[in-house]
Amino acid sequence: MKVALKWLADYIDLPTNDVETIRTAFAALGHEVEGVEYLETDWKDVYVAQVERIRAHPDADKIRLCVVNTGQEKVEVVCGAWNFEEGAKVAFASPGAVLAGGFEIGRRTIRGVESAGMICSEKELGLSEDHVGILVLDADAPIGVELSELVARPDVVFDITVTPNRPDVMSMIGVARELAAYFTVPFHLPPVEPQTVEGETDVRVEILDPSGCYRFVAREVRGATVRPSPFWLQQRLRASGVRPISNVVDVSNYVMLELGQPLHAFDLDKVADQQIVVRRPKPGEKLITLDGVERALVDTDLVVADSERASGLAGTMGGLDSEVTDGTTNVLIEAAAWDPPTVMFMSRRLGLRSEASSRFERGVDPNLAPVAAARATRLLLELAGGESPRGWVDEVAMPHIPGTIELPLAEVSRVLGDDVPTEDVAPLLTRLHLQVAGVDPLEVSVPTFRRDLERPIDLVEEVARLHGYDRFRETVPTGSGGGWSPEQRRRRIVRQTLMGAGLHEALNLSFLGPEDLDSFAYPPEHEARATVRVSNPLNDELGSLRTSLLPGLLRSMRYNFSRGQADVAIFEIGRVFFNHPWDEDKRVPAQPERLGFTVTGILGPVGMNGEGRTADVFTATALWRILAAALDIKDAALVATTAPGFHPGRVAQVLVNGVLIGHVGEIHPVTGKAYQLEGRVAAGELDLAVLTASRPDWLLVEPSVYPRVEFDLAFDAPKEMPAAEIVAAVKAAQPDLTESVEVFDEYRGPGLVEGRKGLALRFVVRAADRTLSGDEIDEVRRSILAAAQAAGVDLRGN
Amino acid sequence: MDLDHLPETVLSEAAAAPDLAALEAIENEFLGRQSSIAEARRQLGKLPAEERPQAGAQLNAITEKVTTAFRARRAELQHLEADKLLRDDQVDVTLEAWRIPQGREHLITQTIQEVCDIFVGLGYRVAEGPEAELGWYNFDALNTPPTHPARLESDTLYLDYGDPADEMLLRTQTSPMQARYMETNDPPVYVVVPGKVYRNEAIDASHLPVFYQIEGLAVDEGITFSDLKGTLAHFAHEYFGPPQRIRLRPHFFPFTEPSAELDVSCFVCDGVGSSCRVCGGSGWLEMAGCGMVHPNVFTAVGYDPAKVTGFAFGMGVERLAMVRHGISNIRHLIENDLRVLEQFRS
């Protein structure tokens with residue numbers, strides 16, 4: 001909403017013109033100032049003059065010679081514009097005058113004729129971008145006065161954002177009313193009633209859909225002359241960002257800006273049977289709107305029709321057929337109150353959001369319609385002539401009467417504390433043009449232009465707002481603690497562990513597309529294909545909610561790859577979504593949190609010459625192991641497997657307490673290629689809940705003071721038997737005495753029976769309470785060998 | 001030999017020893033079996049009994065001094081000799097010959113952590129909730145009627161899931177957790193809710209379809225507007241620094257009343273820079289929406305609006321981070337460019 005101060009002065013005597021004070025007032029009232037525009041007088045020495053005579057230029061067809069009376073002299077100038085006749089009042093710049101942009105006027109010879117000055121266009125004066133013709137001033141403009149006396153400049157225009165609950169402030173009087181309350185000064189409405197003539201109107205209005213139209217007011221003006229609006233009105237519209245068109249259209253826009261009631265003007269002669277019908281569209285009905293576009297209508301739309309067909313979209317845009325044109329003489333003014341949702345859905349559906357629809361969708365006071373229709377009629381008679389009959393149509397489908405709210409004073413202090421003195425409450429509400437009766441509770445009657453005030457809390461807000469938010473004290477209540485949950489704290493450990501290993505945290509959008517699913521070659525029944533689809537996706541690539549973090553991470557890898565980064569190590573923690581109910585709340589789709597990571601190139605310590613370890617499946621398993629260590633997850637196992645998107649020979653299931661929580665491994669080269677990645681990509685994706693599940697406190701185990709015994713054993717094992725299985729088997733032989741078992745070499749090659757592999761294990765054994773004797777150590781060794789043999793593993797060389 | 005002056009002699013000779021071999025020879029001379037100390041020790045037994053303790057003590061003291069002198073000089077010579085060899089082992093210590101990389105936490109995560117920690121310090125809990133959410137929690141329970149424009153497809157991303165009447169959507173704000181939390185917890189409630197939210201927005205320099213908010217909610221008996229103001233002022237001091245002032249401007253949100261927007265005085269120009277790159281010259285930075293919890297919200301979650309009052313606020317994590325770190329393009333927060341991630345210092 002653009003508010004020019006000089007126009008605003010019609011309704012309120014502001015105690016100040018200081019821009020900062022007014023900006024502060026708007027902010028304190030809750031009408032945020034988006035911008036302040038300073039309208040300057042960009043010219044010097046431009047005077048009102050009259051064109052007395054026009055003759056053709058002897059050597060040119062497109063320009064004319066005009067004799068101009070400046071009040072002091074008569075001079076002849078050359079003019080290329082044709083939008084004026086003899087007698088027109090114009091803005092004249094004599095030699096020496098300066099126009100917008102510092103352009104100085106001199107005597108110039110144009111096609112052999114000397115021009116003693118210039119007749120100015122609006123653009124040359126900096127008034128608008130209009131350069132089609134020259135600026136034609138009102139006929140009563142006094143010759144010889146400085147143009148700036150006619151123009152409301154300099155002026156300041158505030159561009160304020162009006163919150164959706166305050167349609168009443170989308171008008172000059174609404175703004176004036178608010179500022180009047182703030183500055184405690186009076187404000188006045190403009191004169192409204194038109195001079196009418198005896199007679200009734202032939203116009204008939206029928207509201208067939210009372211749910212869409214609360215009230216419809218129609219007034220007619222007969223014998224009007226359509227012509228440009230006077231200069232002052234054009235200036236006001238322009239300052240408000242509205243383009244002047246003709247007096248009839250301009251008046252409806254002017255009254256909308258002034259009072260907040262959007263109006264529509266019909267050419268009454270094009271309204272069949274002078275009959276207005278408000279109804280929902282008929283099946284297949286179409287309407288060509290003012291912008292020349294044919295609109296197919298649906299049954300949730302609402303139209304203003306005549307007896308034959310739709311002639312306008314309710315509160316949104318008029319129809320082309322009944323448009324006011326230069327030849328119009330009889331005008332029908334419509335002032336209606338529309339159902340806000342109807343206008344909102346229709347205007348958005350058709351992509352036709354206008355000044356009118358933005359007001360109607362917030363809700364215009366239905367009782368404003370007759371006032372605005374009268375005001376428009378009055379202005380139209382002034383500016384376009386003609387006459388208006390005393391009789392007019394006011395069809396009320398749903399009456400709106402002022403409401404009353406009971407406000408107990410305790411309710412004010414309960415929400416606002418004791419900062420607002422009780423005795424201030426009633427005066428504050430009164431300042432806001434509400435009528436207050438009673439002592440406690442206050443009986444507050446609310447005018448229909450404040451339809452946002454329905455409950456006591458609405459009044460409490462008004463009290464706070466006018467009292468001033470900045471005057472409240474600041475106090476800080478505290479809660480009873482709790483902070484981060486154990487799971488949230490453990491999630492932080494996950495991050496810190498991975499960061500310590502050299503991975504950066506990444507964040508991706510939560511979407512994926514069909515190409516991602518194909519790149520990972522998920523089989524048709526795989527849960528990752530059970531995506532939740534977005535009904536109105538941003539685009540196809542982002543058409544589904546992600547079922548895995550890996551596609552996003554691989555896209556991030558590609559982004560960095562294409563920018564020359566060879567070593568990329570990133571992880572992400574976030575939700576994935578599945579098309580089945582969530583255990584935590586069955587009403588919504590499953591959306592567990594996951595941890596994903598992808599690593600390519602060298603991860604970990606790097607030497608000066610780049611030496612380090614290039615990521616592969618063991619990078620992924622190592623990252624899992626440090627996570628398990630950091631999070632104290634003990635009953636975990638890696639089991640060789642295959643999984644979509646992973647290298648078939650280099651991926652492991654991660655089992656915790658026998659439950660599958662995800663996979664670690666290497667990305668399948670074909671999948672990698674789909675993301676333009678080359679080389680091995682280590683990756684993992686794990687359910688976070690298991691990792692971060694809180695666990696009981698641990699208790700210190702006193703370190704043994706007795707010596708440790710270390711020995712190595714070389715085994716001969718079936719090739720396909722995982723090392724982890726062998727370690728588990730031999731560890732179980734003497735669990736109390738076996739402190740650690742570590743695989744320190746794997747051998748595949750000559751000297752072994754086909755299908756076997758060599759595995760070297762280092763054992764550390766120790767007792768908590770004694771030094772182990774030689775016999776005991778022999779016994780441990782024997783039981784280890786027995787356990788190994790039971791598992792199908794022999795001692796090498798046997 | 002004069003034992004009394006022996007230590008001085010030893011000290012000067014040991015100091016003059018050029019290497020460990022020479023020192024060993026000298027040590028042998030003064031402390032070995034042929035030395036005057038050894039001789040004196042042998043003579044002790046021949047002294048009268050009453051002189052023996054004193055002479056013994058004196059002899060021990062001298063021996064101690066001599067031994068100490070040798071030990072010190074030996075250590076000194078060992079270092080000197082080692083240093084001669086280590087000179088060949090010298091390197092340029094300014095070389096980065098071995099680099100141990102360190103990952104960084106995403107700026108969004110850091111900001112969430114920092115902001116939540118401020119409220120944890122005030123006794124708040126940190127709660128999180130679902131991102132795929134019911135229309136009821138995202139809108140209805142928050143006093144946002146079915147005809148509200150925010151519910152249009154042009155603003156909200158909807159999901160093809162379950163009964164269409166459930167209006168399954170991607171939450172457009174963290175506020176639905178207000179309703180969820182109150183439904184499952186009795187007052188008093190002091191909670192902050194960080195998390196991802198979604199809007200139907202095309203990506204540009206200042207918009208993302210997926211971004212982060214932090215919601216705050218305090219519900220108790222006797223909570224007033226001053227509590228809201230004081231709490232946000234406390235937050236602004238903690239996050240932006242103590243000199244920062246706050247301003248609450250009246251605003252409109254369906255689920256709070258009175259509602260306000262929180263402005264924090266610009267920490268770069270403090271309102272004096274007319275062309276400040278951070279605040280654009282206004283002197284204020286818009287940081288959060290807030291207000292007193294609307295009675296309809298209490299009713300929707302089964303609280304008695306006559307018994308409790310409360311306040312709620314919501315702020316954009318990206319904005320908090322971008323303002324503080326001079327980030328003008330929001331895409332930097334979602335592209336995961338390593339050259340950007342590496343800059344996310346904590």
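Helix axes are lines fitted to C-alpha atoms over the stretch in contact, and angles run from 0 to 180 degrees between N-to-C directions. Helices (H or I, at least four residues) and strands (E, at least two) are DSSP runs, numbered from the N terminus. The structure is a predicted model, in which local features need pLDDT of at least 70, side-chain atom pairs count only at pLDDT 80 or more, and totals for chains, interfaces and linings use all residues. Residues are numbered from 1 along each chain as its sequence is written, chains are lettered from A and ligands numbered from 1 in the order in which they are written, and side-chain values use heavy atoms, with hydrogens and water left out.

In chain B, the axes of helix H3 (residues 36-44) and helix H4 (residues 52-86) come within 10 Å and cross at roughly 160°. The crossing of H3(B) past H4(B) is left-handed, a term for a near helix turned anticlockwise from the far one by less than a right angle. H3(B) makes the contact through Ile37(B), Ala40(B), Arg41(B) and Leu44(B). The residues of H4(B) in the contact include Arg52(B), Ala55(B), Leu59(B) and Val66(B). Contact means heavy atoms within 4.5 Å. Seven nonpolar, three polar and two charged residues make up the contact of H3(B) with H4(B). Here Ala, Val, Leu, Ile, Met, Phe, Trp, Tyr, Cys and Pro count as nonpolar, Asp, Glu, Lys and Arg as charged, and the others, Gly among them, as polar.

Grid points are joined across faces, edges and corners, and a volume is the space filled by probe spheres set on the points.

The structure holds four cavities of 30 Å³ or more. The largest cavity has a volume of about 90 Å³. Its lining has 14 residues, with Thr163(A), Asn165(A), Arg166(A), Arg465(A) and His251(B) nearest the centre. Three lining residues of the largest cavity are nonpolar, five polar and six charged. The second largest cavity has a volume of about 70 Å³. It is lined by 13 residues, and Arg414(A), Val415(A), Val293(B), Phe298(B) and Thr309(B) lie nearest its centre. H10(A) gives the most to this lining, with three residues. Eight residues of the lining of the second largest cavity are nonpolar, two polar and three charged.

The second largest pocket has a volume of about 1600 Å³. It is lined by 38 residues, of which Thr621(A), Arg625(A), Leu638(A), Ala723(A) and Ala724(A) lie nearest its centre. H16(A) gives the most to the lining of this pocket, with eight residues. The lining of the second largest pocket has 24 nonpolar, three polar and 11 charged residues.

Backbone geometry was also examined. A cis peptide bond joins Asp440(A) and Pro441(A), with omega about 5°. The peptide bond from Pro187(B) to Pro188(B) is cis, with omega near 0°.

Technical notes
1 Å grid on protein atoms, 1.4 Å probe; cavity = no way out; pocket = protein on both sides within 12 Å on 5 of 7 lines; lining within 4 Å.
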